[in-house]
Amino acid sequence: MAKAIMLQGTSSHVGKSILTTALCRIFKQDGQKVTPFKAQNMALNSYVTKTGGEMGRAQVAQAEAAGLDPTVEMNPVLLKPTGNSCSQVIVMGRPVGNMSAKEYHAGYSLKALGVVTECIQKLHKDFDTIVIEGAGSPAEVNLKDNDIVNMRVAKLAGAPVLLIADIDRGGALASIVGTLELLDPDERALVKGLIINKFRGDITLLKPALDFLEDKTGKPVIGVVPHLDRLGIDDEDSVSLEDKEQPEKVGELDIAVLRLPKISNFTDFDALANESDVQVRYVRQGEAIGKPDLIILPGSKNTTEDLLYLRHNGYEQELIKLVKSGTPLVGICGGYQMLGREVQDPEHTESDLDKVMGLGLIDSITIFEANKVTHQVKAAACNHKFLGINYSGHNLAGYEIHMGRTQFLSPVDAAFTIATRSDKPVQLADGAISADGLVMGTYIHGIFDNDTYRRAVLDALRVRKGLAPLGVIKDTQALKDAAYNRLADVVRQSMDMDLVYRIMNENNGR
């Protein structure tokens with residue numbers, strides 16, 4: 001049986017995901033065969049595994065930190081909000097239907113508990129150490145009876161719990177004391193330590209508060225982790241996107257991403273933002289697109305609603321005008337579907353509308369079907385015509401997650417050729433590039449994570465702007481790996497890891 005530790009929070013967004021990532025890297029550095037686990041995740045930012053299963057992006061980052069390929073056992077239940085208090089429910093990587101919050105919590109969640117239990121048992125057999133992430137707060141009394149992600153999981157996994165509070169938002173001491181007070185006695189006994197996260201300032205000034213906490217709760221403070229900026233690690237959901245909406249720097253190249261209400265997989269643009277000559281800014285409702293060097297329409301969990309958002313807020317005409325004046329535009333997945341003439345939804349998989357007119361920038365229609373396409377892919381480009389770069393390359397990695405199938409009304413130049421889907425050889429045209437080379441659409445998420453392709457596009461934008469090409473190829477994976485090590489170093493210095501190991505070895509969670 002593996003040793004386990006579980007991170008729970010006094011509320012959502014206290015830093016559970018990033019500290020789980022840190023512990024995965026620390027245990028890996030210490031020679032442990034470690035895996036992350038989160039029973040149930042809610043996020044629009046998802047990923048596709050090698051077997052074609054869909055899972056939350058946070059557990060992907062945690063798996064990478066642990067040196068593993070992500071698998072759906074690490075996140076067996078994923079909820080993807082679709083709007084109107086409804087979510088698409090994905091179990092073991094496959095959608096089982098759309099449910100309201102009431103339908104899910106009152107009727108389905110406990111049915112998924114058997115799958116969660118099986119995954120925990122498998123991970124116990126396959127690994128030395130399991131780092132488990134909770135969700136929200138374990139003290140939500142209205143959700144507790146049907147909860148399958150916090151204390152019930154700690155008991156199933158035999159995992160002692162570390163309780164995290166975000167001191168940056170204020171009220172950290174009260175939130176810790178209040179959370180412990182609302183737990184049942186057996187649940188309170190599972191909590192073996194406290195973590196203060198996102199601290200700024202002089203830690204000596206905090207010591208009286210830490211002493212108070214330990215005296216009041218009888219729980220040791222495991223550590224005080226500083227506020228960490230610009231980690232270079234994939235974020236989980238659209239709440240994290242709020243931190244990205246203002247560019248971190250002014251770059252020579254200005255890339256504008258439309259901040260759609262149902263935006264998904266916004267990590268597609270992190271590699272662009274990490275380039276020294278690029279600023280990526282997210283255009284929120286009411287803001288003008290301006291005159292960027294490149295516009296991106298991102299993925300969407302609800303293409304039809306987000307199309308109507310563009311139309312009703314004046315962005316449709318602004319986009320068309322900018323493209324006609326020479327501004328290049330890229331659409332990815334849902335954004336690609338919006339570029340066509342029409343989006344049809346005869347089975348009402350996304351909305352009650354039968355069809356919605358598209359932007360008409362590519363001569364295509366997209367028809368939604370209930371069956372979802374989810375694959376990791378390898379693609380090739382041959383004399384790729386976007387921006388006239390004539391790029392050729394093979395083994396371009398990415399993944400597909402989409403419900404619609406796009407059909408062309410007249411011949412078009414494909415953007416890429418997919419060579420493998422879920423490791424199976426295929427020869428499938430993907431996406432389209434307009435005749436003038438200014439508009440490109442693709443279903444491939446993560447296409448800009450490919451270092452040589454990303455730089456070819458950026459250098460073409462530089463030349464269009466009268467700037468010299470840089471030609472500098474950044475190794476995205478090496479940079480990400482270094483970021484995991486930096487995170488682990490800071491957390492190791494900030495937490496009493498010897499105490500964490502003693503807590504795990506005592507296995508008092510059983």
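Which side chains meet in a salt bridge at 3.0 Å, N to O? The side chains of Asp277 and Arg462 do, in a predicted model where local features need pLDDT of at least 70, side-chain atom pairs count only at pLDDT 80 or more, and totals for chains, interfaces and linings use all residues. Residues are numbered from 1 along each chain as its sequence is written, and side-chain values use heavy atoms, with hydrogens and water left out.

**View 1. The salt bridge of Asp277 and Arg462.** A salt bridge is taken as a side-chain nitrogen of Lys or Arg within 4 Å of a carboxyl oxygen of Asp or Glu. The pair links distant parts of the chain, 185 residues apart, with Asp277 in the loop between helix H10 (270-273) and strand E15 (278-283) and Arg462 in helix H14 (residues 451-464); helices (H or I, at least four residues) and strands (E, at least two) are DSSP runs, numbered from the N terminus. Both residues are buried, where buried means under 20% relative accessible area, exposed over 50% and partly exposed in between (1.4 Å probe, protein chains only). Salt bridges that share partners join Asp277 and Arg462 into one network with Glu252, Glu275, Asp451, Arg454, Arg455 and Asp459.

**View 2. The salt bridge of Lys122 and Asp126 within helix H4.** The side chains meet at 2.7 Å, N to O, and the two residues lie four residues apart in helix H4 (residues 113-126), about one turn of the helix. Lys122 is partly exposed at 39% relative accessibility, and Asp126 is likewise partly exposed, with a relative accessible area of 30%.

**View 3. The salt bridge of Lys480 and Glu64.** These side chains meet at 3.7 Å, N to O, and the pair links distant parts of the chain, with Lys480 in helix H15 and Glu64 in helix H2, 416 residues apart. Lys480 is buried, with a relative accessible area of 10%.

**View 4. The lining of the second largest pocket.** A pocket is an open set of points on a 1 Å grid over the protein atoms alone, where a 1.4 Å probe fits, with protein on both sides within 12 Å along at least five of seven lines, and lining residues have an atom within 4 Å of a point. The lining comprises 30 residues, of which Tyr47, Glu64, Gln376, Ala397 and Gln477 lie nearest the centre. Among the elements that give two or more residues to this lining are helix H2 (57-65) and helix H15 (476-494).
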